[in-house]
Amino acid sequence: MIRLTVTMFKIILIYGIISGLIVIGTMIFGLLSSGGKGFFSSEYFGYLMMLIALSMIFVGIKRYRDLELGGVIKFLPALSVGLAIAVIAGVIYVGVWEIYLFNTNYVFIDEFTSVMVEAKQAEGLSGVALDKLIAEMEEMKADYAKPYIRLPMTFLEIFPVGVIISMLSAALLRNPKLLPPRA
């Protein structure tokens, strides 16, 4: 059983907050600066920012290993710290995204679905296939309007990335020779 210590809690909270604020801050900046179009509002940019922000999981696990455990950590405690940081980052991501949506009158989903339809039309989609896509986008808008669908969907944008980084970080940092603590 992994016991939550004050130091562990502080590390989880600090690195989770930093990670969540980095990812949501850069994503909202990207959306606002690019007007919802271009690389800075793309999924690629979003996931790149998630990878960068969630690198705080590695830093947090290392910090816990070095401060609390004298430079040695097992896989499961490291994974637990990483997942807890990912949960905090995910909750912040969802919370700030909801504030952003509220302050922009929830226009994101309308703009997103319009861009998707326009892109497919530009690729030559028409007729029944276009009608099907439009119907799917309308269904997506209806679902996105429901908080019980939107909130978990938003959380699941970031959390799986956090799980992967937590697993990799835990596997790497269980080796005490990897980035040993400074004397």
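Leu 13 is located in helix H1, where helices are DSSP runs of H or I with at least four residues, numbered from the N terminus. With a relative accessibility of 33%, Leu 13 is classed as partly exposed; under the scheme applied, buried denotes under 20% relative accessible area, exposed over 50%, and partly exposed the range in between (1.4 Å probe, protein chains only). The structure is a predicted model, in which local features require pLDDT of at least 70 and side-chain atom pairs pLDDT 80 or more, whereas totals for chains, interfaces and linings use all residues. Residues are numbered from 1 along each chain as its sequence is written, and side-chain values use heavy atoms, with hydrogens and water left out.

Leu 13 belongs to a nonpolar surface patch together with Leu 4, Phe 9, Ile 17 and Leu 21, and the accessible area of these residues together is about 440 Å². Such patches comprise residues with over 30% relative accessible area and no salt bridge, nonpolar side chains (Val, Leu, Ile, Met, Phe, Trp, Tyr) being joined within 5 Å and like charges within 9 Å.

The largest nonpolar core contains 37 residues, of which Val 23, Met 50, Leu 54 and Trp 97 touch the most other members. At least two residues of this core are supplied by each of H1 (6–34), H2 (43–53), H3 (56–68), H4 (75–103), H5 (108–122) and H7 (147–173). The greatest contribution to this core, ten residues, is that of H4. A core is defined as a set of buried Ala, Val, Leu, Ile, Met, Phe, Trp, Tyr and Cys residues joined through side-chain atoms within 4.5 Å. Apart from neighbours within four places in sequence, Val 23 is in contact (heavy atoms within 4.5 Å) with Met 49, Met 50, Ala 53, Tyr 93 and Ile 158.

Seven salt bridges were counted, the criterion being a side-chain nitrogen of Lys or Arg within 4 Å of a carboxyl oxygen of Asp or Glu. Lys 141 and Glu 138 form one of them, with the closest N and O atoms 3.2 Å apart. These two residues are three apart in helix H6 (residues 127–144), a separation of about one helical turn. Lys 141 is partly exposed at 21% relative accessible area, as is Glu 138 at 44%. Asp 66 and Lys 62 are both buried and lie four residues apart in helix H3, about one turn of the helix.

Arg 65, also found in helix H3, is buried because its relative accessibility is 0%. A polar atom of the Arg 65 side chain lies 3.3 Å from the backbone oxygen of Asn 175, and the backbone oxygen of Leu 178 is reached at 3.0 Å by the side chain of Arg 65.

Most residues other than glycine have a negative phi. Tyr 106, in contrast, has a positive phi of about 60° and is placed in the loop between H4 and H5. Leu 179 likewise shows a positive phi, near 50°, and lies in the segment after H7.

Terms used
A polar contact is a pair of N or O atoms within 3.5 Å; within protein, one must be able to donate a hydrogen and the other to accept it, and residues adjacent in sequence count only if both atoms are side-chain atoms. Accessible areas come from the Shrake-Rupley method with a 1.4 Å probe; for residues, only the protein chains shown count as cover.
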